[in-house]
Amino acid sequence: MKSTEKSLDRLLRTAGLYGAAGRGHAAGAEEEAPYGFATRAVAGWLAGAGAEARLQTLWFRRVFLCALAVMAATVGWSFKTDTTAPNEEMAIASYDASADLP
Amino acid sequence: MGDAGFDMEACLAGVRRQEERAAADFVRELYPLVLRLVRSHLPRRASEEDLCQMVFIKILSNIGQYSGKAPIEHWVSRIAINTCLNALKAEGARPELRWSDLSVDQAALLEAVASNPDELDPAEGAASRDLVERMLGQLNARDRLVITMLHLEGYSMDDIRERTGWNIAAIKVRAFRARQKLKEIFYELTREGKL
């Protein structure tokens, strides 16, 4: 395994000499962005930013409508429970029954 | 980097105000750096231009998070490397590399490196790089990244920490484990080839 280690080191050293820049590209040379690249990247960014803002508006609108629906349901339910109050006699009887318990 | 008289501060201020011209200048200025990183960590099936574009869109979209404490190049490198890492992860598992999968040149190189204790001829650089990349393809994205940066590109531990955001201890452990895995792959290949 020791010789494997050394062989691997040699292989990595030689591969490192070549480098990523050597793969068909002049080593160390700085390449300019291809024609239209900057425009495409900026357009992608602006389109993404617009889409994000639209998504956010849509999300807030949906949350607001859901909250409104829940509020309306809660108000309706509480109004309904107020108008159908339990029979008072029954309530007193059940209170007495529980108060009599040791 | 590109133009020595380029005013990065003014350009960044323009990008923050969503000015298209400033953003285009910013992209052109940092393109060589991003391209170099993308080429070093490019997944097999990805196009380098598409990945560069994805990196710049991420950078521009998150420019508000750049505090200005570290050089912009470090921050950009980190985003570029993380984007490549995600693309590498998305590639998924690769089939096991066998001796029979190697090209004639790669098999000859492996034979030479396994049987000869001398340094390889620098002219073998391209073939060595191809062979190492095929072997690296067997590792997971993070292991592959750390081996590439440490052994093939000669980054120091501190450089890797700045560019990935990982801590030194994690980098050391990952580098050690990745190297062990690479050694096993190398050993298996030479064993199969009866070298």
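A residue counts as buried when its relative accessible area is under 20%, as exposed when that area is over 50%, and as partly exposed in between, using a 1.4 Å probe and protein chains only. Everything here comes from a predicted model, where local features need pLDDT of at least 70, side-chain atom pairs count only at pLDDT 80 or more, and totals for chains, interfaces and linings use all residues. Residues are numbered from 1 along each chain as its sequence is written, chains are lettered from A and ligands numbered from 1 in the order in which they are written, and side-chain values use heavy atoms, with hydrogens and water left out.

**View 1. Chain A on its own.** Of the 102 residues in chain A, 16% are buried. Chain A exposes about 7,800 Å², with 65% of that supplied by carbon and sulfur atoms (Shrake-Rupley method, 1.4 Å probe; for residues, only the protein chains shown count as cover).

**View 2. Where chain B meets chain A.** Here 48 residues from chain B and 33 residues from chain A are in contact (heavy atoms within 4.5 Å). How much area is buried between the two chains? It's about 3,800 Å², and carbon and sulfur atoms give 67% of it (this is the accessible area, 1.4 Å probe, that two parts lose on being put together, summed over both). Arg39(B), Arg179(B) and Lys183(B) supply 17% of the area that chain B buries against chain A, more than any other three residues.

**View 3. A salt bridge across the interface.** Glu49(B) and Arg40(A) pair up through their side chains at 2.4 Å, N to O. Between chain B and chain A, the count is four salt bridges (a side-chain nitrogen of Lys or Arg within 4 Å of a carboxyl oxygen of Asp or Glu). Which helix gives the largest share of the side of chain B that touches chain A? That's α2(B), with 10 residues.

**View 4. A loop in chain B.** Look for Ala70(B) in the loop between α3 (48-61) and α4 (72-90) of chain B. Is Ala70(B) buried, exposed or partly exposed? Ala70(B) is partly exposed, because its relative accessible area is 36%. Ala70(B) and Glu162(B) sit 92 residues apart in sequence, and their C-alpha atoms are 9.3 Å apart in space.

Notes: Helix = DSSP H or I, 4+ residues; strand = E, 2+ residues; numbered from the N terminus.
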